[in-house]
Amino acid sequence: VWPQFDVGSFRPNGRGSLLVSAQIIDGKAVALALRQRIGDGVARLKAQHNITPGLAVVLVGEDAASQVYVRNKGIATKEAGMVSLEFRMPADTSQAALLDKVRELNNDPSVHGILVQFPVPDQISQQAVIDTIHPDKDVDGLHPQNAGRLVSGLPALTPCTPTGSVILAKETLGDLTGKHAVVIGRSNLVGKPVAQLLLKENCTVTMAHSRTQDLAGMCRQADILVAAVGIAHIVQGDWVKPGACIIDVGINRVASAQEGKTRLVGDVDFDAASAVAGHITPVPGGVGPMTIACLLRNTLTAACRLAGVPEIDV
């Protein structure tokens, strides 16, 4: 059975047949709508319970990309009506000092979400930081307790990028029940949690990675293909099942056609894959905007749970 496509989704390929021209999944638009709903939810929480969600972000060091991420998170937090708290610590901060700061935020009732911007300097264990954040304030969804609750099918704060990826798939395809999802990547940050979230949506999930035998053949079976392996353009056009929905989580910086310049690309060869797929996320502008939106959603959820009031569904 061939997938159904909207009129106008085909174009000539110059050889007398037609190629599918994938519809672009607009992550910016979906994220904007979600952030607006979150803002409405924050307003209701304030009006009904006099609670303003507070998100604390800790940045250690002077990494330029991290500074941009932290600034953008702060802007989005304030736009949603939440309190944004930023703590900047020097690059030579000891692990003990950072963990003391995390414990201080754990004990601060005005803080409902804690995010330590990764990567952290080499003298600090990323896992030690994750383990120290209180699970109820772990808006990154990385604490082992939250990971375990997700696997067990219990309520949990879930990682933002995987959550955003599944939201985009549902916004695009509707009910995901019965669809075969192939996830390329097995990280704790994306691969493992996105597989669990897709299982929760009643998908049949295959987990693959860079060492999977016949990875291309595996990908060709996917109704939903989530690429999160961190290798630029590893997914070629002939790896894609006709009409598949591609969620490209990869963010890779490669050389640009302009000398001395670079550009961002995903794990999927966008031009080749979009000639076969039914829907595809661009890089940038696909999954990326959803990450901050889902961070705000987790903060709102955490504020409700910590206060013992009904969760606000956004």
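# Reading helices and sheets

Guide: Start with helix H6. H6 lies across strand E9 (224-227), strand E10 and strand E13 (279-280). The helix runs at about 155 degrees to E10. Helices (H or I, at least four residues) and strands (E, at least two) are DSSP runs, numbered from the N terminus. Axes are lines fitted to C-alpha atoms, for helices over the stretch in contact, and angles go from 0 to 180 degrees between N-to-C directions. Contact means heavy atoms within 4.5 Å.

Visitor: What kind of model is this?

Guide: This is a predicted model, where local features need pLDDT of at least 70, side-chain atom pairs count only at pLDDT 80 or more, and totals for chains, interfaces and linings use all residues. Residues are numbered from 1 along each chain as its sequence is written, and side-chain values use heavy atoms, without hydrogens and water.

Visitor: How many residues does H6 have, and what does it reach from its first C-alpha to its last?

Guide: An expected span is 1.5 Å times one less than the number of residues. H6 covers residues 160-173, which is 14 residues. Its end-to-end C-alpha reach is 20 Å, close to the expected 20 Å. Just after H6, Gly174 takes a positive phi of about 80 degrees.

Visitor: How many residues of H6 are buried?

Guide: Buried means under 20% relative accessible area, exposed means over 50%, and partly exposed lies in between (1.4 Å probe, protein chains only). In H6, 10 of the 14 residues are buried, so the helix is mostly covered. Among them are Cys160, Pro162, Val166, Ile167 and Leu168.

Visitor: Which elements do the buried residues of H6 pack against?

Guide: They pack against helix H1 (27-49), helix H7 (191-200), strand E10 (245-248) and helix H10 (288-307). Take H1. H1 and H6 pack at an angle of about 100 degrees, and their axes are 11 Å apart. Under 35 degrees counts as roughly parallel, over 145 as roughly antiparallel, 65 to 115 as roughly perpendicular, and the rest as oblique. H1 and H6 are therefore roughly perpendicular to each other. On the H1 side, the contact is made by Gly27, Val30 and Leu34. On the H6 side, Ile167, Leu168 and Glu171 take part.

Visitor: What is the strand order in the open sheet of 6 strands?

Guide: Strands of a sheet pair through backbone hydrogen bonds, either parallel or antiparallel. Two strands pair here if DSSP finds at least two bridges between them. The order is E3-E13-E10-E9-E7-E8, with parallel pairing. Strand E3 (23-24) and strand E8 (204-208) stand at the edges. Each has a single partner strand, so one side of each has no neighbour in the sheet. Look at one pair. Strand E7 (residues 180-184) and E8 are joined by 5 bridges in the parallel sense. His180 stands opposite Thr204 in E8. H7 lies across E7, E8 and E9, at about 170 degrees to E8.

Visitor: Where does Lys192 lie, and is it partly exposed or buried?

Guide: Lys192 lies in helix H7. It is partly exposed, with a relative accessible area of 42%. Leaving out residues up to four places away in sequence, Lys192 touches Arg186, Ser187 and Met207.

Visitor: Which strands stand at the edges of the sheet of 3 strands?

Guide: This open sheet has the order E5-E4-E6, and the pairing is parallel. Strand E5 (83-89) and strand E6 (113-116) are the edge strands, each pairing on one side only. Neighbouring strands are turned by 15 degrees against each other on average, direction ignored. Strand E4 (residues 54-60) pairs with E5 over 7 bridges. Leu55 has Ser84 in E5 as its bridge partner. Helix H2 (residues 64-79) lies across E4, E5 and E6, at about 160 degrees to E5.

Visitor: In which sense do E11 and E12 pair?

Guide: Strand E11 (residues 252-255) and strand E12 (residues 262-265) pair in the antiparallel sense over 4 bridges. Ala255 has Thr262 in E12 as its bridge partner. The two strands form a hairpin with 6 residues between them. In the turn, Gly260 has a positive phi of about 80 degrees.

Visitor: How many disulfides does the structure hold?

Guide: A disulfide is a covalent bond between the sulfur atoms of two cysteines. The cut-off here is a pair of cysteine sulfur atoms within 2.5 Å. The structure holds 0. The closest cysteine sulfur to that of Cys203 is in Cys245, 10 Å away, too far for a bond. For the sulfur of Cys219, the closest cysteine sulfur is in Cys245 at 14 Å, too far for a bond. Cys203 is buried at 6% relative accessibility. Cys219 is buried at 1%.
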